[in-house]
Amino acid sequence: MPIGKRTLLANVLQSSGANLVLARAPLWNGLTVLNYHRIGEPGNSPFDPGLFSATPAQFAAQVRFLTQNFDVIGASDLADWQNRRGRFVMITFDDGYLDNYEAAYPILRAFGATGVFFLTSGFLDEGRIAWWDEISWMVRSSHLKQLSSNPWTISELTLPDADRQPVLDRLLRTYKSLPGRKTGEFLEFLADALGTGRHPGDRSVWMDWSQVREMHAHGMQFGGHTVTHPVLSNLSRAEQEYEVRECRERIKAELGRPIPTFSYPVGQQDSFNATTQSCLREAGYEWAFSYYGGFNRRGQVNPFDVRRVAIESHTSWAMFRSVACLPHLFA
């Protein structure tokens, strides 16, 4: 269904009150996996505003709706849900931002819901800024008015004072397209060309391992999301093996138990490949989650491509409820 028609239908369902009926109607059987990144207000943050999925109030309303109308499950239920009829929902987070602990975790506990958090282990260990946040910081901090033509972007890019989001989006797409060996060179180029230098890092952006252990002790579940968050399909096999294996071992060392789940960084269909999936199996993972939309039907799930739906700051209440109630149409 085209995006425009999907939005129109979602608004009609919301305004007519049909979503209230559909929330309780057993129109589908399967698993809808919702994915978040950050909970909070972008405000004047120099980091990528696109990573903020919802405000605390919005997230609380969403979790309340899900727990009242669906079976919210965790990663430990993955092996069993296909043997049961029901409308199952999983709430997941990527990366390991501190607001997952400070904002999302208390809300999930308040509603008795399990969240599944996929951690980029190197971010927690080293406090480095994620590449998308560093690019955002460079673009938003630069005093320049343009980025001159260059081998990376080819054309010149204007840096208006009012809205630099289009430039940020362009540079993020460029980064994602690069072979792994070129990404560091690209960041160094931007640091010099934009006159900002590299970001020094900030541990306060991420959860720490004591917070992860606390969340785990109170029912939250965790999975792997690599060590440094590369686009895995852009790496060699040896590099992919390192990213998925070392992440799993690091989380296992902190939690005292192996983790069976993984989510692909970026998560689009071209962000992982057969080599990635082979590396995951060899490392001991049993499930891997993508990030390009879709609904998981009973008996039709590829355990190394479990579909997830993005929840973002622009996801309206009408669209959220439509995705939850009719995932086979809206997810």
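**Figure 1. Salt bridge between Arg-198 and Glu-134 in the predicted model.** A search of the whole structure finds 16 salt bridges. In one of them, the side chains of Arg-198 and Glu-134 meet at 2.7 Å, N to O. Arg-198 belongs to the loop between α8 (180–193) and α9 (209–217) and Glu-134 to helix α6 (residues 131–141), so the pair ties together parts 64 residues apart in sequence. Arg-198 is partly exposed, at 35% relative accessibility, whereas Glu-134 is buried, at 4%.

**Figure 2. Salt-bridge network of Asp-125, Arg-213, Arg-250 and Glu-254.** Arg-213 counts as partly exposed at 38% relative accessibility; Glu-254 counts as buried at 18%.

**Figure 3. Salt bridge between Asp-161 and Arg-164.** The N to O distance is 3.8 Å. Asp-161 is exposed, with 61% relative accessibility, and Arg-164 is buried, with 10%.

**Figure 4. Surroundings of Phe-59 in the largest nonpolar core.** The core has 90 residues, and Phe-59 and Ile-135 have the most contacts inside it. Helix α4 (residues 98–110) supplies the largest share, 7 residues. Beyond four places in sequence, the residues that Phe-59 touches include Tyr-36, Ile-39, Phe-93 and Leu-108. A second, separate core of 14 residues includes Ile-73, Ala-75, Phe-88 and Phe-289.

**Figure 5. Helix α12 (residues 317–325).** Because 8 of its 9 residues are buried, helix α12 is largely enclosed by the rest of the structure. Among the buried residues are Met-319, Phe-320, Arg-321 and Cys-325.

Definitions and conventions:
Residues numbered from 1 in each chain as written. Predicted model: local features only at pLDDT ≥ 70, side-chain atom pairs only at ≥ 80, totals over all residues. Heavy atoms only, no water. Core = buried A, V, L, I, M, F, W, Y, C linked by side-chain atoms within 4.5 Å. Buried < 20%, exposed > 50% of the residue type's maximum accessible area, 1.4 Å probe, protein only. Helix = DSSP H or I, 4+ residues; strand = E, 2+ residues; numbered from the N terminus. Contact = heavy atoms within 4.5 Å. Salt bridge = Lys/Arg side-chain N within 4 Å of Asp/Glu carboxyl O.
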